[in-house]
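Visitor: I'd like to look at this one with you and ask how you know what you tell me. Can we start?

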Amino acid sequence: MSIEKVRNYLSGFGADGRILEFPVSSATVELAAKALGCQPCRIAKTLSFKVGDRVVLIVCAGDVKIDNRKYKDFFHTKAAMLAREETEALTGHAAGGICPFAVNDGVKIYLDVSLKRFSTIFPACGSPNSAIELTLPELERFSGSSDWIDVSKPYETA
């Protein structure tokens with residue numbers, strides 16, 4: 001099970017005990033925000049894409065969408081999300097639980113600047129009913145990525 005893989009992975013950082021599991025689904029931004037009692041923007045959604053023959057994950061704020069022009073300018077190709085049925089085999093996590101931890105070898109992780117407005121965010125932990133609250137430095141360390149990119153559409157300010 002993917003959450004156990006993430007739990008084992010996060011134990012290397014002493015963070016496995018911080019994983020939150022819910023009796024309800026947190027598989028979408030809206031469901032995760034409801035389960036956590038937070039604003040949807042603080043959910044760190046992990047989107048999976050195919051870039052040539054590589055798989056990349058982009059972690060971004062729950063209230064943004066990918067900007068196709070920015071994506072193409074950065075990756076030099078059109079945005080092509082993985083099909084739901086191929087995400088587990090290619091990333092190591094099934095749809096609804098995709099996260100930037102304990103991913104398959106060769107998967108490249110990028111962090112979108114849309115997250116930088118928060119002191120803490122909530123990414124999933126490998127299952128459709130889990131999350132962990134992290135600071136941005138923790139997200140960088142635990143994901144193994146300090147590659148910040150700007151491929152999202154501007155978010156709406158309240």
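Visitor: Why is Cys38 called buried?

Guide: Buried means under 20% relative accessible area, with exposed over 50% and partly exposed in between, using a 1.4 Å probe and protein chains only. Cys38 has a relative accessible area of 17%, so Cys38 counts as buried. Keep in mind that this is a predicted model, where local features need pLDDT of at least 70 and side-chain atom pairs count only at pLDDT 80 or more, while totals for chains, interfaces and linings use all residues. Residues are numbered from 1 along each chain as its sequence is written, and side-chain values use heavy atoms, leaving out hydrogens and water.

Visitor: What about Cys125, buried or exposed?

Guide: Cys125 has 0% relative accessibility, so Cys125 is buried.

Visitor: What makes strand 2 mostly covered?

Guide: Eight of the nine residues in strand 2 are buried. A strand here is a DSSP run of E with at least two residues, a helix is a run of H or I with at least four, and both are numbered from the N terminus.

Visitor: How do you know which strands pair with strand 2?

Guide: Two strands pair if DSSP finds at least two bridges between them. Strand 2 and strand 3 (residues 54-61) have eight bridges and run antiparallel, with Thr46 opposite Val59. Strand 2 and strand 5 have two bridges and run parallel; there, Ile43 has Phe122 as its bridge partner. Both pairs therefore pass the cut-off.

Visitor: What lies between strand 2 and strand 3 in their hairpin?

Guide: Two residues, and Gly52 in that turn has a positive phi of about 65°.

Visitor: What makes something a pocket?

Guide: On a 1 Å grid over the protein atoms alone, a pocket is an open set of points with protein on both sides within 12 Å along at least five of seven lines; lining residues have an atom within 4 Å of a point. The largest pocket is lined by 30 residues, and among those nearest its centre are Lys45 and Thr46. Strand 2 gives the most to this lining, with six residues.

Conventions: 1 Å grid on protein atoms, 1.4 Å probe; cavity = no way out; pocket = protein on both sides within 12 Å on 5 of 7 lines; lining within 4 Å.
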